[in-house]
Amino acid sequence: MAKIELKNISKIFPNGVEAVKNVSFSAEDGEFIVLVGPSGCGKTTILRMIAGLEEITEGELLFDGKIVNNFEPKARNIGMVFQEYALYPHLTVFENIAFPLNILKKTDKSLSKEKIKNQVLEIAEQLELTQLLKRKPKELSGGQRQRVALGRAIIRQPNFFLFDEPLSNLDAKLRVLMRQEIISLQRKYGITSIYVTHDQTEAMTMGTKIAVMKDGVLQQFDTPFEIYNNPANIFVADFIGSPQINFFDGIFNETHFTENNSDFKIDNSSLNIAKKIKNHSKYILALRPENIKIGKNFDYGFVNFSTVVENVEFLGNELIIYFRTGNTSKRIKTFPNQSIKVGDLIDCHFNTNSLLFFSQEGARGG
Ligand SMILES: Nc1ncnc2c1ncn2[C@@H]1O[C@H](COP(=O)(O)OP(=O)(O)O)[C@@H](O)[C@H]1O
Ligand SMILES: [Mg+2]
């Protein structure tokens, strides 16, 4: 068993920066947790506190139920993989992977040269590095270097893996490939992992659970499905999902919701929720781009509207249509359709069940 628990963890740096504020979440045995959020939101600081490289200002860090706040980094038995994989340039692939064991060998006499060699060969085989063992890092591609870094982290048989944006230096295609590789390796070894990224696609595709951070504060901790379909607040709704979710900022009266500075209206009679909404209350409604459909639908619960196409992006398997209501640009994600052109007036509809309601302050509700 290997469980990581953060209980009300805060970090204030000596210069007064509050990088992490009262964060709690846990990684169960074998889970792959993704910590996601914009640059500067405290992701690396959290990882460094877990690794013991940064002191915890307040709160408790537990491994398998045991408080480890004051454990030395070495005693935590963590494998770390960073963006700058920091391979030793003068060592071969073999020597790079063997490096942690060669260090251990100095104190652990049971580790023979033969044993180390066998372990390196086994890991090289799994990572498809067998043919490259004699090469130096500069003779490797980015993906191969990344695999060597993974091998070096695995060989110590760590209790936990911590990843800090390990793929951000790779090109888009390789990133997708390495994503799969990291996940299948992690599954194979079942090592509890925390993976940091600013990329919401990585978070959605890799995480068993996602922790969304903003300004040092944990916004939501849940499965990718819940994060996408039930975002806790406007920040999460906006950060997760591509293309970005649409927001309609406006006000309800007895009969309608009207978007500010816009002729976009929703008849209250189509909203199951309308009875609960107070007259003159301000709301921000959100709607995923794939939930807006082309054409008309007059069934109960649907809203129809017409709009002018401002831009189209053809992505091969899908089409993104941009339109504008009120002061903001909005997006529809639909099937490729060669007849839709910039400047066209198109009919659209959506089911009001797919609307998310937020207060002016950004909290979920309604
Ligand atoms: N050693 C440090 N001293 C002071 N402030 C720091 C230090 N390290 C990071 N910070 C600040 O803490 C905040 C969080 O940083 P970081 O954890 O690196 O964010 P992220 O990894 O999400 O980009 C930022 O405002 C950053 O400037
Ligand atoms: Mg960082």
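# Notebook: a look around a predicted model

**Entry 1, Phe163.** I began with Phe163, which touches Val81, Ser193, Tyr195 and Val196, leaving aside residues up to four places away in sequence. Two residues count as in contact if their C-beta atoms, placed from the backbone, lie within 7 Å. I found Phe163 in strand β7 (residues 160-164). Helices (H or I, at least four residues) and strands (E, at least two) are DSSP runs, numbered from the N terminus. Is Phe163 buried or exposed? Phe163 counts as buried because it has 27 C-beta neighbours inside 10 Å. The cut-offs I used: buried means 20 or more other C-beta atoms within 10 Å of a residue's own, exposed means 12 or fewer, and partly exposed is in between, with C-beta atoms placed from the backbone. I also looked up Ala286, which is 123 residues from Phe163 along the chain; their C-alpha atoms are separated by 33 Å.

Residues are numbered from 1 along each chain as its sequence is written, while chains are lettered from A and ligands numbered from 1 in the order in which they are written.

I listed eight helices and 21 strands. Of the 366 residues, 33% count as buried. The C-alpha atoms fill a box of roughly 80 × 50 × 35 Å along the principal axes. The domain assignment gives domain 1 (4-239) and domain 2 (246-358); such bounds come from an automatic or database assignment. The domain centres, taken over C-alpha atoms, are 40 Å apart. How many residues of domain 1 are in contact with domain 2? Four residues of domain 1 are in contact with four of domain 2.

I looked up which residues lie around ligand 1, and they are Phe13, Asn15, Val17, Ala19, Gly37, Ser39, Gly40, Cys41, Gly42, Lys43, Thr44 and Thr45. Here a residue is near if its C-beta atom, placed from the backbone, lies within 6 Å of the molecule. Helix α1 (residues 43-51) gives the largest share of this shell, three residues. By class, I noted four nonpolar, seven polar and one charged. Ala, Val, Leu, Ile, Met, Phe, Trp, Tyr, Cys and Pro count as nonpolar, Asp, Glu, Lys and Arg as charged, and the others, Gly among them, as polar.

I checked where α2 and α3 meet: Phe94, Ile97, Ala98, Leu101, Asn102 and Lys105 in α2 meet Ile116, Gln119, Val120, Ile123 and Ala124 in α3. This contact has eight nonpolar, two polar and one charged residues.

Most residues other than glycine have a negative phi, and most peptide bonds are trans. I then looked for exceptions. Asp64, not a glycine, has a positive phi of about 50 degrees and sits in the loop between β4 (58-63) and β5 (66-67). Asp64 is partly exposed because 13 other C-beta atoms lie within 10 Å. Asp215 also has a positive phi, near 50 degrees, and lies in the loop between β9 (209-214) and β10 (217-222). With 15 C-beta neighbours inside 10 Å, Asp215 counts as partly exposed. Which peptide bond did I find to be cis? The bond from Ser242 to Pro243 is cis, with omega near -5 degrees. Pro243 lies in the loop between α8 (234-239) and β11 (246-252).

Terms used
This is a predicted model: local features need pLDDT of at least 70, side-chain atom pairs count only at pLDDT 80 or more; totals for chains, interfaces and linings use all residues.
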